[in-house]
Amino acid sequence: NSGIPITMVGLDVTMRVPIDRSHLKTIKNVGTPLTETLARLIEIWWDFLKSDSSPMHDPLAVSYCIKPEFLKTINCKVLIETVGKYTAGQTIVIPDEDSSIKVTYDVDEQGFLRFLMSRVCSH
């Protein structure tokens with residue numbers, strides 16, 4: 001209710017932009033100290049997850065500040081249910097064109113992943 005401009009990038013959107021083994025190989029092939037460290041951290045994380053991929057939650061949210069065109073948004077009122085018998089902590093999103101909160105609902109997956117990899121793998 002503050003009126004502060006906010007952009008919400010939820011899990012429903014960030015889950016659509018995972019990096020996988022092919023991305024890891026590209027990162028490793030750059031061969032800089034940064035990419036070698038990043039590759040190792042990714043491998044440790046994937047070992048922990050017992051997975052071969054992971055969504056880029058934070059990088060997608062940060063990318064909105066640099067390239068907002070990757071994400072489609074709609075203005076919404078956002079409420080957090082804190083007292084419901086079954087929904088304590090649930091986020092409720094209601095379209096409202098007068099709201100200062102933008103909620104993402106779609107992402108250009110390939111465009112974002114190309115952008116991310118170009119930034120990570122640049123010399």
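Student: Why is tryptophan 45 called partly exposed?

Tutor: In this predicted model, tryptophan 45 has a relative accessible area of 44%. Buried requires under 20% and exposed over 50%, so the value of 44% places tryptophan 45 in between, as partly exposed.

Student: What makes phenylalanine 48 exposed?

Tutor: The relative accessible area of phenylalanine 48 is 62%. Since the cut-off for exposed is over 50%, phenylalanine 48 counts as exposed.

Student: How are tryptophan 45 and phenylalanine 48 placed in helix α3?

Tutor: They lie 3 residues apart in α3, which means a separation of about one helical turn. In general, an α-helix has 3.6 residues a turn, so residues three or four places apart point the same way.

Student: Why is the pair of phenylalanine 70 and phenylalanine 112 called edge-to-face?

Tutor: Their ring centres are 6.2 Å apart, and a pair requires centres within 6.5 Å. The planes stand at 80 degrees, and over 60 counts as edge-to-face, so the pair is given that name. Phenylalanine 70 is in the loop between α4 (57-66) and β4 (71-81), while phenylalanine 112 is in helix α5; the pair links distant parts of the chain, 42 residues apart.

Student: How do you know that phenylalanine 70 and phenylalanine 112 are buried?

Tutor: Phenylalanine 70 has a relative accessible area of 9%, and phenylalanine 112 has a relative accessibility of 0%. Phe70, Phe112 and Phe115 form one aromatic cluster.

Student: Which residues of helix α2 are buried, and what puts them on the same side?

Tutor: His23, Leu24, Ile27 and Val30 are the buried residues in α2 (residues 21-30). They cover an arc of only 115 degrees around the axis, and therefore sit on the same side of α2. Lys25 and Asn29, on the other side, are exposed. Among the elements covering the buried residues are β2 (18-20), α3 (33-49) and α5 (109-120).

Student: Why is α2 called roughly parallel to α5?

Tutor: The axes of α2 and α5 come within 10 Å and cross at roughly 25 degrees. Angles under 35 degrees count as roughly parallel, so the two helices receive that description. The contact is made by His23, Thr26 and Ile27 of α2 with Leu113, Met117 and Val120 of α5.

Student: What is the handedness of the crossing in which α2 passes α5?

Tutor: The crossing of α2 and α5 is right-handed.

Notes
Residues numbered from 1 in each chain as written. Predicted model: local features only at pLDDT ≥ 70, side-chain atom pairs only at ≥ 80, totals over all residues. Heavy atoms only, no water. Buried < 20%, exposed > 50% of the residue type's maximum accessible area, 1.4 Å probe, protein only. Helix = DSSP H or I, 4+ residues; strand = E, 2+ residues; numbered from the N terminus. Arc of directions from axis to C-beta. Contact = heavy atoms within 4.5 Å. Phe/Tyr/Trp six-rings, centres within 6.5 Å; stacked < 30°, edge-to-face > 60°. Axes fitted to C-alpha atoms, helices over the stretch in contact; angles between N-to-C directions. Parallel < 35°, antiparallel > 145°, perpendicular 65-115°, else oblique. Left-handed = near helix turned anticlockwise from the far one by under 90°.
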